[in-house]
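Dear colleague,

Please find below the structure that I am handing over to you, followed by an account of what was found in it.

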Amino acid sequence: MSNTKTKVGVTRKLPFTTLDRLNELFNVQMNETDRALSQSELLQMAASCEVLCPTVTDKIDAKILHAGAGKLKLLANFGAGTDHIDLQIASEQGIIVTNTPDVLTEDTADLTMALLLAVPRRIIEGVDCLRSGGYQAGWSPTWMMGRSLGGKKLGIIGMGRIGQAVAARARAFGMQIHYHNRRQVSPAIEEALQALYWPDLDAMLGEMDFVSLNCPLSEQTKHLMNAERLGKMPKHAMLINTARGPLIDEAALIAALQAGNLAGAGLDVFEFEPQISPGLLQMSNVVALPHMGSSTLEARCAMGERMIINIKAYEDGHKPPDRVIVSL
Ligand code: 8YV
């Protein structure tokens, strides 16, 4: 008997609840391993499925999209960012692209806040010190002094959903919110967050104690934080990135930190992920995490649910709610 269910390619191991539901609803082709597919494996999957569910670790380039030409109709991304997908070619080929916004906003903002605390309060240094027996001499008034958040200026680059959720948290810690964004947000949001808009990013950077990157990666934002921009930040300032690695010129960041031109960095993403420039792991004022922003059971299951809703809407002949290319 032929299988009339929609063929859905799933590139990575997803939460059980997501996989179970996908299997109930669709004819699922799975990557049975827990590693990223090679480009040729990805190409085979794209060529044989009507729907492909990629993640941030899958580079959906022209070759993959051309392999799917005619058959591949929907890229239901498991994740919010779509910088790993060639949206231009997908659009030309009439392939719908959806993502999973909203459901990972709060958890990603929590992790941003965790880094915003961990770097100035030297939390990892403290843990390392205890683990290596360095607390033998006991407490001292001048030991492990960090920097406080209260009253400090936080400059948020990218005031979308996640940027706003970071701002709300930082307000509760007594920080002053400043932001740079392509567009100024509504007066109601500015008022609620007590946020000050800076149309000129360079001018904002020079005044901030902390900077958090919360914008998408695109041609325009690649190396947004280059040597010149990093050089505009005050020496005592700290930089947090939970968005995308290539927003920062990593070599320039290392140089700035090593020269003492920047006081610290909290990074959940890296320019050449999963490779991390060794220099970053050697500095005690850098807290580095392996892209954990939305990695909670709750967010991952909700991302799966949102992805399934998009596939189901497409299958039923409706416009999937989270279309990235809205014209399709
Ligand atoms: C996800 C993310 O883990 O959603 C995003 O854009 O960066 C991450 O939090 C990842 O994208 C899953 O594909």
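F210 stands opposite M238 in β10, where strands are DSSP runs of E with at least two residues, helices are DSSP runs of H or I with at least four residues, and both are numbered from the N terminus. The model is a predicted one, in which local features need pLDDT of at least 70 and side-chain atom pairs count only at pLDDT 80 or more, while totals for chains, interfaces and linings use all residues. Residues are numbered from 1 along each chain as its sequence is written, and side-chain values use heavy atoms, with hydrogens and water left out.

F210 belongs to strand β9 (residues 210-213), which pairs with β10 in the parallel sense over 4 bridges; two strands pair if DSSP finds at least two bridges between them. Strand β9 also pairs with β6 (residues 153-157), again parallel and over 4 bridges. In that pairing, F210 is the bridge partner of L154.

Both faces of β9 are covered: F210 and S212 are buried on one side, V211 and L213 on the other. Buried means under 20% relative accessible area, exposed means over 50%, and partly exposed lies in between (1.4 Å probe, protein chains only). Strand β10 is likewise covered on both faces, with M238 and I240 buried on one side and L239 and N241 buried on the other. In a regular strand the side chains alternate between the two faces of the sheet.

These strands belong to an open sheet of 7 strands with parallel pairing, in the order β8-β7-β6-β9-β10-β11-β12. Its edge strands, each pairing on one side only, are β8 (195-197) and β12 (286-288). Neighbouring strands of this sheet are turned by 20° against each other on average, direction ignored. For such angles, axes are lines fitted to C-alpha atoms, for helices over the stretch in contact, and the angles run from 0 to 180 degrees between N-to-C directions.

G266 has V287 in β12 as its bridge partner. Helix α11 (residues 250-258) packs on the sheet and touches β10 (238-241), β11 and β12, its direction making about 145° with that of β11. Contact here means heavy atoms within 4.5 Å.

T221 is buried, with a relative accessible area of 15%. A polar atom of its side chain lies 2.9 Å from the backbone oxygen of P216.

The five-stranded sheet

A further open sheet has 5 strands in the order β2-β1-β3-β4-β5, with parallel pairing. The edge strands are β2 (27-30) and β5 (96-98), each of which pairs on one side only. Here too, neighbouring strands are turned by 20° against each other on average, direction ignored. Within this sheet, 2 bridges join β3 (residues 51-53) to β4 (residues 74-76), which run parallel. L52 stands opposite L75 in β4. Helix α13 (residues 297-315) lies across β1, β3, β4 and β5, running at about 160° to β4.

T6 lies in the segment before β1 (7-10) and is buried, with a relative accessible area of 9%. Its side chain makes a polar contact of 2.6 Å with the side chain of E315. A polar contact is a pair of N or O atoms within 3.5 Å; within protein, one must be able to donate a hydrogen and the other to accept it, and residues adjacent in sequence count only if both atoms are side-chain atoms. Not counting residues up to four places away in sequence, T6 touches F26, N27, E50, V51 and E315.

The two domains

The domain assignment of the protein chain gives domain 1 (2-102 + 297-315) and domain 2 (105-288), with bounds that come from an automatic or database assignment. Their centres, taken over C-alpha atoms, are separated by 32 Å. The contact takes 6 residues from domain 1 and 5 residues from domain 2. About 510 Å² is buried between the domains, 38% of it from carbon and sulfur atoms; buried area is the accessible area (1.4 Å probe) that two parts lose on being put together, summed over both.

With kind regards
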